Amino acid sequence: MNEAFALLEAEIDPIDIEILRHEILSIPNQIERNIERSAFSPLVQEYKDYSVGLVDPEGALIAQSRGSLPIFVANALGTGVREAISVHGADNLMHGDAIVTNSAATLGQHLNNVALLTPVREGGSDNGPLLGFFAVLVHWIDVGGSAPGSSTGTDTTDVWQEGLQLPCVRLLSGGRRVEDIFRLCATNSRFPKLLLGDLEAQLAGCLLGRDMVLQIAHRRSVALLRATFESMRRQARAAASAVIADIPEGEYSAESFLDGDGGGAIPIRVAVRSTAGRLIVDLEGLGPQMTGPSNAGRNGGAIAAARIAAKYILTPQEPVNQGDFDLLDVEAPDGTFLTARPDAPIGGSGNTIPTVVDTILRAIGDALPAHAVAAHHGTYGVHTIFGRLPETGELFTNLDTVTGGWGATAQDDGAFPLRSNAHGDVPDIPVEMQEALYPFRLIKKALRPDSGGPGRRRGGLGVEKEYRILFPCKVSLKFERGQCPPWGMAGGGAGATCFVEIMRASGTTVRTWKGIYALEAGDRLRVVSGGGGGYGPPHEREIERVLRDVEAGYVGRERATEDYGVVFKPDGTLHEAATQARRAIICRK
Amino acid sequence: MPHFIAADTGGTFTDVAVYDSSKRLLTFAKSLTTYGDLVDGVVAGIEEARGDLKSTAALKHGTTHVINAFLQRKGARAALVCTRGFRDVIEIARGNRPVPFDIAERRDPPLVPRALRFEVTERLGADGSVVEALDEAEVISLASTLKAAGVTATAVSFLNAYTNPAHEDRTVEILRKCLPDVFITSGTALTREWFEYERSATAAANAYVGPAIAAYTAGFTKRFREKGFAGTLAMMGSNGGLMPFEAAVDRPVALVESGPIGGVIAAAEYSRALGLDKVIAFDMGGTTAKCALVESGSFAVQPTYWVGGYVRGFPIRSPVLDIVEVGAGGGSIAWIDPQMRLRVGPRSAGSEPGPACFGRDGTEPTVTDANLRLGRIGGGSFLGGRLSLNTQAANAAIRDRIAAPLGYGSDDAATTRVAHGILDLANTLMASAVKEITVARGHDVREFTLLVFGGGGPIFGAELARSLGIRRVVVPPEPGNFSALGMLMANARTDVAQSLLADLSEHGIETLSSVRDKLRIEVVTAAEREFLNKSPSLQWQADMRYRGQRHAIPVKFGGDPDADVLVRAFETAYAKRFGRTLGEDFTPEVVGLRVAAESVGERPDLLALAPSPDTSRSPAPINHRPLHLRPGGWVEAAVWKREMLPAGFVITGPAIVEEYGSTTLIGPGDVATVGRLGEMSIAVSSERAE
């Protein structure tokens with residue numbers, strides 16, 4: 001029976017539900033805009049490293065803002081709510097309370113990710129029934145620890161080196177500001193002004209969101225609001241279920257690996273099982289917890305990765321809701337790099353996620369060929385240039401991440417440079433803004449030819465950036481996926497891997513992926529992102545498409561001949577006969 | 001004596017308004033837009049409105065030409081010239097993924113393909129200093145490459161040129177000399193704000209539409225000169241100001257939202273005349289609903305506009321009216337999604353086949369069908385009776401496509417329930433657009449008056465207001481012709497802006513003063529050249545933020561950069577938007593200066609628009625018809641003719657007021673009063689319990 005009939009049978013009008021659904025979904029989006037406009041740090045305003053949502057009284061996600069990073073669908077908001085309930089008890093969370101948390105043991109993501117949540121109680125009164133929580137998570141610019149920016153440290157060995165933890169403490173109590181906590185946060189941050197600016201935006205947005213939910217509850221009815229929450233979850237579950245039903249029962253597995261943190265490659269072995277209408281993502285084959293900071297806790301790691309992958313496949317066009325994941329089970333033992341122990345360093349908690357998501361998608365791709373996608377460049381590629389400004393001696397830090405090629409599908413070439421699959425609406429920082437603020441200059445920012453994996457559908461291209469350093473500073477690098485190329489699917493080839501090169505003024509060049517390096521005036525820094533994998537055999541690519549790629553310079557002539565079997569005459573035009581012959585040979589092989 | 005004409009070429013209709021200033025008479029006409037030669041539609045409209053071209057002083061023209069060229073990818077073969085190392089800026093874009101989980105989502109390809117993007121040797125520092133000189137020999141040899149490539153337009157956009165346009169200017173000069181037949185434009189001629197992607201995309205877009213607009217305006221001019229028209233010709237710019245044809249040829253990208261602006265200009269005029277401080281201008285047409293804020297009689301323009309939308313489109317840096325649009329109009333189709341949810345829009349039945357009730361083979365129910373089903377619009381009075389509507393077809397579409405499949409059944413109760421559902425859903429979508437332009441920008445929506453126009457605005461106004469907590473709705477005269485009317489009222493306007501970084505120290509104020517002086521000379525010279533006005537009125541705005549923030553907010557000031565004045569204005573604007581200021585720990589700074597020069601021309605008096613009904617007898621309803629209310633069911637509602645209502649007349653809802661091109665619904669408990677300008681002001685009752 002469909003949802004509409006079920007509702008009618010329960011004497012609930014499905015159109016009323018649908019209207020309320022729209023109203024509820026629009027709240028986090030409006031709050032998101034509001035916060036984006038009023039926040040301070042570039043991480044919020046430009047990087048959009050935050051998430052806004054409404055969570056039910058049990059911690060299940062009802063609605064989340066569209067610009068939220070995928071990494072947060074994994075339930076960061078719901079996890080924060082569940083932690084707050086277990087610490088304080090739901091009955092002790094009153095109207096006007098606001099709780100902040102970044103507990104490593106529960107959220108399992110780097111400590112900069114701080115969730116702020118406030119109960120939504122009917123009528124805005126202390127004894128009103130709990131309708132849910134409004135929650136806003138923001139990446140705080142700095143929470144102390146051993147490195148400026150906190151999560152940027154590359155050599156931390158436990159979580160206490162990475163900053164301050166705020167284990168569900170009250171920032172507001174009954175509507176009153178607990179100034180002690182504001183002061184504590186400011187004192188423990190290298191950038192207290194920016195932090196407080198962001199925190200004020202985060203808090204105001206959270207309270208406004210709560211009030212908007214209360215207005216709806218007042219205008220419609222609490223019963224209808226609750227019925228809508230339930231219906232939204234059922235709808236999401238039903239839509240996910242319909243896709244899972246297309247997966248033939250069985251086990252599908254895939255493998256890849258991470259560069260690791262110096263101790264050798266870290267294996268990623270993933271199995272995806274479809275049984276009795278449920279989807280099981282088995283992560284038992286993940287490598288062990290690392291000594292360095294590329295770990296994450298269970299919620300921010302294993303569950304996050306599985307949910308992101310599931311959302312890509314199951315119902316990508318629908319807003320995120322707990323029901324998306326009601327039929328998803330995640331199996332993983334404690335002590336892997338995505339189920340790290342509470343004391344583990346987790347400054348780079350997101351770094352491994354894109355590759356794990358890629359690998360899960362690879363496994364599902366075998367099960368559902370229509371949804372198969374080749375691998376993407378697969379890394380955040382954090383490169384933070386920091387130091388002191390020449391004129392004022394003031395500290396600066398410019399956190400940047402790469403954009404790279406995405407994988408091809410059976411239908412389309414891979415997308416051109418985009419962030420990783422764990423990022424969302426995160427725009428690149430304009431070169432002109434960087435040059436106006438920081439003591440370096442970019443001398444190149446260009447597509448990287450031949451970096452897209454060859455295939456009937458070609459992988460997307462990576463990007464090459466080159467900086468000239470004008471004043472002594474440092475760069476902190478956290479790249480992954482330097483060794484495991486973005487693979488192709490269905491006979492497509494792999495995309496090129498990423499790397500960073502430091503070209504000293506003295507003439508030496510270091511190729512690297514991780515670490516902190518001092519840079520001198522005259523040094524150059526090359527940041528080169530990977531391409532996406534191709535889909536299908538390259539020699540099946542239409543010749544016109546290959547020629548167009550060559551004309552645009554996406555693919556060089558050599559690779560066109562080598563990979564795609566397209567041969568050129570000395571004057572550069574297509575040699576049709578030689579091309580047919582070459583393609584026939586490749587085909588027979 | 002002189003006539004003034006406004007002609008607005010839209011997707012379906014070309015709207016014309018003619019003002020005879022000696023008789024203080026306004027005439028409107030609608031003709032079908034002619035896609036072969038767009039000028040034919042304009043000429044036909046003017047003839048219908050009996051515009052006398054020989055005695056016309058000014059013709060103001062709005063067109064969807066530019067936006068259509070972008071959306072349909074029907075522009076020039078254009079090239080882009082870039083700084084060495086940066087030719088991929090417009091293709092790399094910003095790398096963001098607005099739709100977080102959809103692997104199939106792609107941006108539209110850039111307007112200039114990679115093979116037509118060229119690099120030259122030159123480099124400027126972020127402070128405008130020359131790091132590497134422009135290699136002029138390279139530019140000269142590039143000219144022959146461009147010629148060989150057969151391009152008809154070329155854009156030049158260099159890194160950091162916003163601080164120093166010299167290299168761009170010189171490159172343009174050389175290319176113009178070498179390629180006299182090619183349309184050449186540069187990024188900094190269009191915007192001097194930072195962000196290389198946005199500025200390069202703007203330059204590329206300008207080149208892309210340049211040749212077509214040059215040809216269009218030349219053809220337009222020739223046609224009207226032949227008809228004896230000797231007045232000035234101006235295009236409607238997206239910033240709400242008129243541009244002479246010559247300026248439009250240089251900056252066609254400034255015409256991108258030439259269409260919707262007219263209605264908002266008129267809304268601003270009425271807001272001023274009625275003394276309304278905070279107004280939401282709400283325009284509902286056949287395909288979309290749009291809203292914009294009018295505060296203290298003026299509307300906001302935004303510095304960046306996304307052509308084709310934020311998800312797939314590209315940005316242009318050109319001041320465009322700050323407007324939010326949703327796909328909910330009279331023609332919007334109601335449908336059931338795969339999850340069995342009722343949806344409305346964004347697909348529209350347009351005018352062909354049109355809503356089911358048009359009886360032109362449309363079988364899908366639309367918002368208009370739902371309005372008809374519930375008696376909110378009359379079957380015989382649509383467009384003054386020119387198009388009679390088929391109630392049965394509307395009912396059948398609602399029943400067969402929605403009510404039955406969703407499980408509501410097929411009886412009358414089911415179709416009325418679903419018809420309300422369609423309208424409520426459309427209302428919800430429109431309300432979310434209004435919230436986006438208010439709540440998301442830090443405004444309290446309840447403080448605003450809703451001014452409604454367009455074919456569909458007046459019928460939804462009161463309900464929309466009720467759902468938003470707004471207490472007053474104003475329906476201006478001629479809501480169906482509001483866009484052309486607004487265009488008639490538009491002033492000439494030139495905008496100039498410059499990015500800079502200055503704090504409010506003595507040194508910073510000096511910097512501001514020198515940039516201010518430069519901009520003033522520039523904008524006054526432009527106003528004199530374009531509009532023969534030596535002393536235009538100048539509106540100054542500083543883009544300000546607290547040091548450390550990325551986004552700046554617009555702060556109006558008198559034009560004299562004084563630290564105290566700027567800080568006070570900034571704090572007021574900041575507190576207004578965010579409800580608080582951040583105290584003395586935070587330092588305000590200026591990141592941009594903008595100035596708009598306006599030249600006011602002769603324009604119609606709003607009083608001329610007020611209907612002058614026969615006041616010798618009290619007006620009476622022209623009839624009664626069944627109107628379905630929820631809650632309440634069927635009632636017999638009085639139907640009034642708007643032109644019969646004198647100033648001061650009061651109607652208590654439920655009631656319907658009809659006029660050509662629009663219908664106003666006055667809900668139960670709502671009270672409408674006719675004002676002295678002919679406007680209807682509806683006091684909206686607080687929300688009904690459901």
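The notes below go from whole chains down to single residues.

Please keep in mind that this is a predicted model. Chain A is built from 14 helices and 20 strands, and a set of its residues is in contact with chain B.

**Chain A as a whole**

- The radius of gyration of chain A is 25 Å, close to the 25 Å that the globule rule gives for 589 residues, so chain A is as compact as a globular protein of that length.
- Along the principal axes, the C-alpha atoms of chain A fill a box of roughly 85 × 65 × 40 Å.
- Of the 589 residues in chain A, 60% are buried.

**Domains in both chains**

- Chain A has domain 1 at 3–238, domain 2 at 373–536 and domain 3 at 543–588.
- Between the C-alpha centres of domain 1 of chain A and domain 3 of chain A there are 54 Å.
- Chain B is divided into domain 1, covering 75–212, and domain 2, covering 492–599.
- The C-alpha centres of domain 1 of chain B and domain 2 of chain B are 28 Å apart.
- Where these domains of chain B meet, 5 residues of domain 1 are in contact with 4 residues of domain 2. The side that belongs to domain 1 of chain B has 2 nonpolar, 1 polar and 2 charged residues.

**Where chain A meets chain B**

- On the chain A side, 64 residues are in contact with 56 residues of chain B.
- Helix α2 of chain A (residues 14–38) gives the largest share of the chain A side, with 12 residues.
- Sorted by class, the side of chain A that touches chain B holds 31 nonpolar, 15 polar and 18 charged residues.

**A sheet in chain A**

- Strands of a sheet pair through backbone hydrogen bonds, in either a parallel or an antiparallel way.
- Chain A has an open sheet of 7 strands with antiparallel pairing, and the strand order is β2-β1-β5-β4-β3-β6-β7.
- At the edges of this sheet are β2 (61–64) and β7 (176–177) of chain A, each of which pairs on one side only.
- Strand β6 of chain A (residues 169–173) pairs with β7(A) in the antiparallel sense over 2 bridges. In this pairing, Leu172(A) stands opposite Arg177(A).
- Helix α4 of chain A (residues 76–88) packs on the sheet, where α4 touches β1 (50–55), β2, β3 (98–101), β4 (113–121) and β5 (130–139) of chain A. The direction of helix α4 makes about 65° with that of β4(A).

**A hairpin in chain B**

- Strands β19 (residues 332–336) and β20 (residues 342–348) of chain B pair in the antiparallel sense over 4 bridges.
- Across this pairing, Ser332(B) stands opposite Ser348(B).
- The two strands form a hairpin with 5 residues between them, and Met340(B) in the turn has a positive phi of about 60°.

- Asp13(A) sits in the loop between α1 (3–9) and α2 of chain A. With 17 C-beta neighbours inside 10 Å, Asp13(A) counts as partly exposed. Asn321(A) is 308 residues from Asp13(A) in sequence and 21 Å away in space, C-alpha to C-alpha.
- Gly495(A) belongs to the loop between β16 (473–478) and β17 (499–503) of chain A. This glycine, Gly495(A), is buried, as 39 other C-beta atoms are within 10 Å. Beyond its neighbours in sequence, Gly495(A) touches residues including His377(A), Gly405(A), Ser451(A), Pro485(A) and Gly530(A). From Gly495(A) to Pro316(A), 179 residues apart along the chain, the C-alpha atoms are separated by 24 Å.
- Ala433(B) is part of helix α13 of chain B (residues 412–437). Ala433(B) counts as buried, with 23 C-beta neighbours inside 10 Å. Leaving aside residues up to four places away in sequence, Ala433(B) touches Ala289(B), Cys291(B), Val324(B), Glu325(B) and Val326(B). Ala292(B) is 141 residues from Ala433(B) in sequence, while their C-alpha atoms are 9.5 Å apart in space.

Conventions. Residues are numbered from 1 along each chain as its sequence is written. Chains are lettered from A and ligands numbered from 1 in the order in which they are written. This is a predicted model: local features need pLDDT of at least 70, side-chain atom pairs count only at pLDDT 80 or more; totals for chains, interfaces and linings use all residues. Domain bounds come from an automatic or database domain assignment. Two residues are in contact if their C-beta atoms, placed from the backbone, lie within 7 Å. Ala, Val, Leu, Ile, Met, Phe, Trp, Tyr, Cys and Pro count as nonpolar, Asp, Glu, Lys and Arg as charged, and the others, Gly among them, as polar. Two strands pair if DSSP finds at least two bridges between them. Axes are lines fitted to C-alpha atoms, for helices over the stretch in contact, and angles run from 0 to 180 degrees between N-to-C directions. The radius of gyration is taken over C-alpha atoms; the globule rule is 2.2 Å times the number of residues to the power 0.38. A residue is buried if 20 or more other C-beta atoms lie within 10 Å of its own, exposed if 12 or fewer, and partly exposed in between; C-beta atoms are placed from the backbone.
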